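Subject: Structure for you to look at, with notes

Dear colleague,

I am passing on the structure we spoke about, together with my notes on it. Please read them with the structure open beside you.

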Amino acid sequence: METTTLGTTGESVSELCLGAMYFGSRIDRDTSYELLDRYYDAGGRFIDTANIYATWVDGHETPESEPLLGEWLEERGVREEMTIATKVGFGYGDVPRSLDPEVISREVDRSLDRLGIDTVDLLYVHVDDPETPQVDTMRALDEVVTAGNVDYLGASNVPAWRVARANRISEERDWSRFECVQPRFSYLIPERNPEFDAAAQLPMTDELVDYCTEADLTVLPFSPTLGGCYGRDDRPIPESYVRTENGLKMEVVEELAERHDVDGNAIVLAWMLDREYPTVPIVGCSTPEQLEANLAASAVTFTDAERERLDGIENYGYSNWELR
Ligand SMILES: NC(=O)c1ccc[n+]([C@@H]2O[C@H](COP(=O)([O-])OP(=O)(O)OC[C@H]3O[C@@H](n4cnc5c(N)ncnc54)[C@H](OP(=O)(O)O)[C@@H]3O)[C@@H](O)[C@H]2O)c1
């Protein structure tokens with residue numbers, strides 16, 4: 001698997017990051033280990049988790065993903081090779097939804113403890129917090145970096161102008177800045193979706209692309225396959241994505257999947273890898289077969305004509321990245 005550089009850090013990360021959201025909860029321990037082992041064997045070295053994963057699943061009210069990852073890292077003896085990303089900001093148990101300095105400091109300690117590691121390689125704020133002054137949040141984030149508890153910072157579900165503002169605050173004070181963003185993004189573009197808004201899952205926007213391009217931040221799209229809908233008949237495209245142009249896009253995905261002899265989901269992941277600016281999709285899967293199908297994206301190369309087919313269908317209000 002190829003690598004790309006994370007923001008301006010000079011740090012190499014795998015071009016496909018493995019999402020560990022349901023590891024240890026919906027996905028049992030043996031299967032989670034198998035997914036981790038196979039991803040590792042394929043050359044993958046970049047894993048995404050969060051302090052809250054996945055405390056909303058019935059019967060799993062305490063975090064299970066971080067502890068499972070910690071055990072796997074230790075049992076396999078691969079900690080030094082892996083980039084581990086986790087997140088802070090959403091509420092769970094008695095932890096409030098907040099980016100207050102105390103919450104950040106305490107939750108980073110808890111994540112380190114659950115993961116059984118000394119340093120989080122990449123810490124995201126998981127959601128914006130308009131109640132806490134941004135300067136306080138950025139100071140607290142810089143402090144966990146200075147203390148050696150975190151190496152790099154990222155922002156997930158934060159509007160573009162707030163990411164830019166936070167980075168301006170940090171840059172002016174010589175603090176650590178956000179080096180990447182993690183928005184909800186896929187090949188199909190949705191209508192506005194109140195369900196995602198309520199869950200604070202912010203989609204990619206043109207402004208975010210512009211800012212990341214201008215300031216050299218890496219983009220890590222989450223939920224890139226929309227639940228696998230590009231490659232399976234039992235998973236219709238989500239209702240808010242049912243639009244004329246998305247129907248046309250699905251036809252292109254099907255055609256290219258057949259031509260390249262890969263799953264449609266791999267075509268969409270390959271399309272993300274093909275962006276001009278560093279884009280690292282966070283791959284979700286619950287079976288080894290799905291993982292293999294998705295990892296095949298790394299080997300797909302599009303012709304110029306195929307690129308034109310994929311990028312030629314514009315969604316109203318979006319520029320399809322570098323098509324602007
Ligand atoms: N920052 C955030 O707010 C945020 C939010 C959500 C997720 N994330 C991160 O992003 C990662 C991925 O998110 P996600 O799980 O929502 O991603 P996704 O790509 O939308 O969905 C993954 C699911 O799609 C199905 N699937 C994927 N590839 C498939 C294939 N080749 N064939 C058939 N089915 C396939 C599987 O569903 P089944 O399991 O049902 O078979 C799989 O579990 C998470 O693990 C997490 O790390 C971050």
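Is aspartate 311 buried or exposed? Aspartate 311 is buried, with a relative accessible area of 13%, where buried means under 20% relative accessible area, exposed over 50% and partly exposed in between, with a 1.4 Å probe and protein chains only.

Before the rest, a word on the basis of these notes. This is a predicted model, in which local features need pLDDT of at least 70 and side-chain atom pairs count only at pLDDT 80 or more, while totals for chains, interfaces and linings use all residues. Residues are numbered from 1 along each chain as its sequence is written, and side-chain values use heavy atoms, with hydrogens and water left out.

Salt bridges

Searching the whole structure gives 24 salt bridges, each being a side-chain nitrogen of Lys or Arg within 4 Å of a carboxyl oxygen of Asp or Glu. One of them joins aspartate 311 to arginine 275, with the closest N and O atoms 3.4 Å apart. This pair links distant parts of the chain, since aspartate 311 belongs to helix H11 (residues 304-311) and arginine 275 to the loop between helix H9 (264-273) and strand S10 (282-283), 36 residues apart; helices (H or I, at least four residues) and strands (E, at least two) are DSSP runs, numbered from the N terminus. Arginine 275 likewise counts as buried, at 6% relative accessibility.

A further network, made of salt bridges that share partners, takes in Glu66, Glu107, Arg110 and Arg114. Within it, the side chains of glutamate 66 and arginine 114 form a salt bridge with an N to O distance of 2.7 Å.

Arginine 139 is partly exposed at 36% relative accessibility, and aspartate 136 is partly exposed at 24%.

Buried residues in strands and a loop

Serine 14, in strand S2 (residues 12-14), is buried with a relative accessible area of 3%, and its side chain reaches the backbone nitrogen of arginine 45 at 2.7 Å. Tyrosine 92 sits in the loop between strand S5 (83-88) and helix H3 (101-115) and is buried at 9% relative accessibility; its C-alpha atom is 6.1 Å from that of isoleucine 52, although the two residues are 40 apart along the chain. Glutamate 179, in strand S8 (residues 178-182), is buried with a relative accessible area of 9%.

A charged surface patch

Finally, Asp233, Glu251, Glu254 and Glu258 gather in a patch of negative charge on the surface. Patches are made of residues with over 30% relative accessible area and no salt bridge, like charges being joined within 9 Å and nonpolar side chains (Val, Leu, Ile, Met, Phe, Trp, Tyr) within 5 Å.

Methods. Areas by Shrake-Rupley, 256 points an atom, 1.4 Å probe, with all protein chains shown as cover. Lys, Arg positive; Asp, Glu negative; His and termini not counted. Charge placed at Lys NZ, Arg CZ, Asp CG, Glu CD. Polar contact = N/O pair within 3.5 Å; in protein donor to acceptor, adjacent residues only side chain to side chain.
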